[in-house]
Amino acid sequence: MSSRNPMRRGRFLAHIEPGSFLPFDRDVPRLVDGRPLETALMEPDGSPKKGGLVQLAVRRLPEEDFARIVNLGLPQELEQIEATRYDPNGGTFDDSAAPFERPVLERLTRRPYRDVAFRRKVREAYGYRCALSGLMLRNGGGRPEVQAAHIRPVDKQGSDSVRNGLALSGTLHWMFDRDLISIADDCETILVSHNKVPGDVVSRLLSPDGRLLKPEDPRDAPHPENLRWHRENVFGRVLTDEPAPWG
C-alpha cells in the first residue's frame with residue numbers, strides 16, 4: 001500500500017504493516033542477463049524498455065514477477081543454506097522438508113524462516129562480533145557463536161529489520177532480554193543495572209570503553225526508537241528469580 005509523499009512532489013511513501021518487514025538476504029539487481037525482472041519493463045526481444053513505465057514511482061507487480069524477485073532476494077532454501085553453512089553434512093536441518101516448495105507469502109510469514117533471515121543479516125552487519133563485548137568467537141567448526149537479538153521483541157510489534165537487531169554473545173543476549181543492560185539515548189553508551197550485575201561480571205563481559213560496537217554499514221545501526229523502547233519498557237524492570245548464567 002502506498003500514498004503520496006506530502007514532502008516531495010511526485011514521490012510516494014510505502015506503508016508496511018508493523019512486524020511484516022523482512023530485508024532481502026542478498027541484493028537483487030534490476031537486470032539479470034540483461035533482462036528486466038519486471039516483465040512490464042521488457043521489450044518483446046527481452047531488452048529493457050526506456051521511458052514510460054520505467055519512470056513511474058509506483059508500478060503494479062504481477063504475482064509471477066513478485067515471486068521471482070523475492071526468490072532471488074530471499075531464497076526458498078535459505079534455512080538449508082544456513083544449516084549447511086558450516087556443516088557440509090547438513091547439521092540438524094530436516095532434509096525431508098526440502099522438496100516442498102512453499103508459496104512465497106506462506107514462506108515469508110513462517111517464524112522459523114524469518115528468524116533465519118534475521119539472524120543472517122544481523123550477524124553479517126556486525127561482522128560476526130558481539131556488539132557489547134566486541135569479541136568474535138567461533139566454535140571448532142568455524143560457526144560464529146554470536147546470536148541475533150531483537151531490540152524490540154516481535155511479540156511487542158518489533159520488526160525483523162537489521163535496525164531492530166543486535167549481534168550478541170549468549171550471556172549478553174540473556175542480560176539484554178532480562179533488563180540488565182540497555183543502550184543510552186546517545187545510541188552508543190552501554191547502560192548496566194549495577195545493583196543487579198556484579199562489577200567483575202561487567203568488566204569481564206563488556207567492551208572496555210563501555211560503548212556499543214557499530215555495524216560496518218551505518219545504515220544498519222540500531223534505530224533510536226527501538227533503543228528508546230528497550231530502555232523504557234525492558235531496562236530497569238524487576239528481576240525475576242531466574243538464576244543468572246554467571247552464578
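The model described here is predicted.

**Overall make-up**

The protein chain holds seven helices and eight strands. Its length is 247 residues, and 35% of them count as buried. Of the contacts between residues at least 6 apart in sequence, 64% join residues at least 24 apart. The accessible surface of the chain is about 15,000 Å², and carbon and sulfur atoms account for 51% of that area.

Nonpolar side chains tend to be buried together in soluble globular proteins.

**Helix 4**

Helix 4 has 15 residues, which at 1.5 Å a residue should span 21 Å; the C-alpha atoms at its ends are 21 Å apart, so the two values agree. Its buried residues are Y113, R114, V116, A117, F118, R120, K121, V122, R123 and A125. The cover over these buried residues includes helix 2 (78-83), helix 3 (104-108), strand 5 and strand 6. Just after helix 4 comes G127, with a positive phi of about 65 degrees.

H150 is placed in strand 5 (residues 147-150). Is H150 buried or exposed? Its relative accessible area is 16%, and because buried means under 20%, H150 counts as buried. The side chains of H150 and D160 are joined by a polar contact of 2.8 Å. Beyond its neighbours within four places in sequence, H150 is in contact with R111, D115, F118, S159, D160, N164, F176 and D177.

H230 is placed in helix 7 (residues 224-233). With a relative accessible area of 2%, H230 is also buried. Neighbours within four places aside, H230 is in contact with I151, F176, I181, S182 and F235.

**Two loop residues with positive phi**

Most residues other than glycine have a negative phi. D33 has a positive phi, near 55 degrees, and is not a glycine. D33 is in the loop between strand 3 (31-32) and strand 4 (35-36). Q157, also not a glycine, has a positive phi of about 70 degrees. Q157 is in the loop between strand 5 and strand 6. The cut-off for an exposed residue is over 50% relative accessible area, so D33, at 77%, counts as exposed. By that cut-off Q157, at 58%, is exposed as well.

| Residue | Relative accessible area | State |
|---|---|---|
| D33 | 77% | exposed |
| H150 | 16% | buried |
| Q157 | 58% | exposed |
| H230 | 2% | buried |

Key:
Residues numbered from 1 in each chain as written. Predicted model: local features only at pLDDT ≥ 70, side-chain atom pairs only at ≥ 80, totals over all residues. Heavy atoms only, no water. Helix = DSSP H or I, 4+ residues; strand = E, 2+ residues; numbered from the N terminus. Buried < 20%, exposed > 50% of the residue type's maximum accessible area, 1.4 Å probe, protein only. Polar contact = N/O pair within 3.5 Å; in protein donor to acceptor, adjacent residues only side chain to side chain. Contact = heavy atoms within 4.5 Å. Areas by Shrake-Rupley, 256 points an atom, 1.4 Å probe, with all protein chains shown as cover. Expected span 1.5 Å × (residues − 1).
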